[in-house]
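Dear colleague,

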Amino acid sequence: MLQVNVLRNNPQWVKERLAVKHFKQLELVDEIIVLDDERKRIQSDYDNTQSKINTASKEIGKLMAQRKKDEAEELKNQVAGFKIQVNDYNALLIGNLKVLTDKIVLLPNLPSTLVPIGKTPEENVVTKQSEINIALPSNAKPHWDLIKQHDIVDFELGAKITGSGFPVYKGKGARLQRALIEYFLQFNTAAGYTEFIPPFMVNEASAFATGQLPDKEGQMYHATEDNFYLIPTAEVPVTNIYRDTILKETELPIKMTAYSPCFRREAGSFGKDVRGLNRVHQFEKIEIIQIVHPDKSYGVLDEMVAHVEKLVQSLELPYRILRLCGGDMSFASALTYDFEVYSAAQERWLEVSSVSNFENFQTNRMKCRFKDVNGKMQLAHSLNGSSLALPRIFAALIENNQTENGINIPKVLQPYFGADSI
RNA sequence: GGUGAGGUGGGUGAGUGGCUAAAACCAGUAGUUUGCUAAACUGCCGUACGGGUCAAACUGUACCGAGGGUUCGAAUCCCUCCCUCACCGCCA
């Protein structure tokens, strides 16, 4: 959530930034400022009247003690009048605040000046690309055929148990999945990230804090009986560890990592994008999250990108890094880098990681602050990235490493997998 | 699911209608003093939104799990909800 003061200080600039994200309702900016002016006025009236009541009440107490009943009664009558006013102001204030928050919550985060102008994924900027040197056998298959051939992932079975998009990993497939999880966590903790196993369902407040609500309500599975949401990413529960928290500056940066299954309804998706493991309703992901000093967040973003890059490199997968354009960025992000790996059999790039700096957009919603050296309260910055999402890594690994005789396992995974091939 | 207890500031924990933003202690912090790997003493030490100021000082309001209610006045009384703990039941 943006801070009202940011809008007040430079409404024109805010509108320009919002336009980069192709946000249409720019009039909201001015509306919010007007509402905030009103808010201050009403608040002031309310405070002043309430102050009169408080003063009178104390006076009444004294008069009662002095047994001056008549004077006390007279004051009570006055207070009754003030109370009517206070109630009116209060009603106005509540109404005002409701409209104000409803509107400000609609504003996406402002994109950083590094964000490329553009609307569609085609306008993302490739900042780095590795070589693509995959030699596939002549009878190379896409992963949805390979998994059947080797009987390592079963979609039909998942569809029977739950529904489409809930794959069942089996035998060596399950083992490879577990090896990846173990390896990724190991890689992250070795870099100083503390491991967490969070709840896989969150309440409304948590889903709101990281920006999933109200923006992506329909994308999450909702357990209505208890009003819990199945997490779409570990980012939600793990970032919320620091909701309503005041940190010491010396506690920053905070580095966390977590494995979790991720649940996404993916309403409206169709076509080749959803084939096989490319897009599913339940998948595994390891996330890295940092909470940092505002001055450091862009340096940390680079550091996290470098971290994920090393991890992808270690898997020996061709990859590229994209800086997302304004139109392709998420609601809460100020700057996002996506990682894609090349799937040789599908002849396409698959997104496997998204690393973002949210600046204080999430922390403002979450009230995650710290006291700086001058004793001033400041919002921290939050960042997160996938390190990594499993299904597409799984898909690219088996496609790119297929041979006439089976599937080779990359060296770094062999100790975790317990064999060098499938 | 049942029964009981309870939710107060970073922590422990007082406070049962006005003198309480809230004792005391611990932690933290600034300093004084002695000087020997530390102790003693003193000050400061909640958050949010306003006013005020270059910035402070200062000042108004709200907040003692959340939301309602009673009252001139509520941390304190009443109602609803949430959560935590203990025991029982059930269970991986």
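Leu 388 belongs to strand 16, which covers residues 381-389. In this predicted model, the peptide bond that joins Ser 387 to Leu 388 is cis, and its omega is near 5°.

A further cis peptide bond links Leu 252 to Pro 253, here with omega near -5°. Pro 253 is placed in a loop, with strand 8 (245-248) on one side and strand 9 (254-263) on the other.

I would also draw your attention to two residues with positive phi. Arg 67 is not a glycine, yet its phi is positive, near 60°. Where does Arg 67 lie? Arg 67 sits in the loop that connects helix 3 (27-65) with helix 4 (69-104). Its relative accessible area is 77%, and Arg 67 is therefore classed as exposed, the cut-off for that class being over 50%.

Asn 227 likewise is not a glycine and has a positive phi, of about 55°. The residue is located in the loop between strand 6 (222-223) and strand 7 (228-230). How accessible is Asn 227? Its relative accessibility is 27%, so Asn 227 counts as partly exposed; that class lies between the buried limit of under 20% and the exposed limit of over 50%.

With kind regards

Conventions:
Residues numbered from 1 in each chain as written. Chains lettered and ligands numbered in written order. Predicted model: local features only at pLDDT ≥ 70, side-chain atom pairs only at ≥ 80, totals over all residues. Heavy atoms only, no water. Helix = DSSP H or I, 4+ residues; strand = E, 2+ residues; numbered from the N terminus. Buried < 20%, exposed > 50% of the residue type's maximum accessible area, 1.4 Å probe, protein only.
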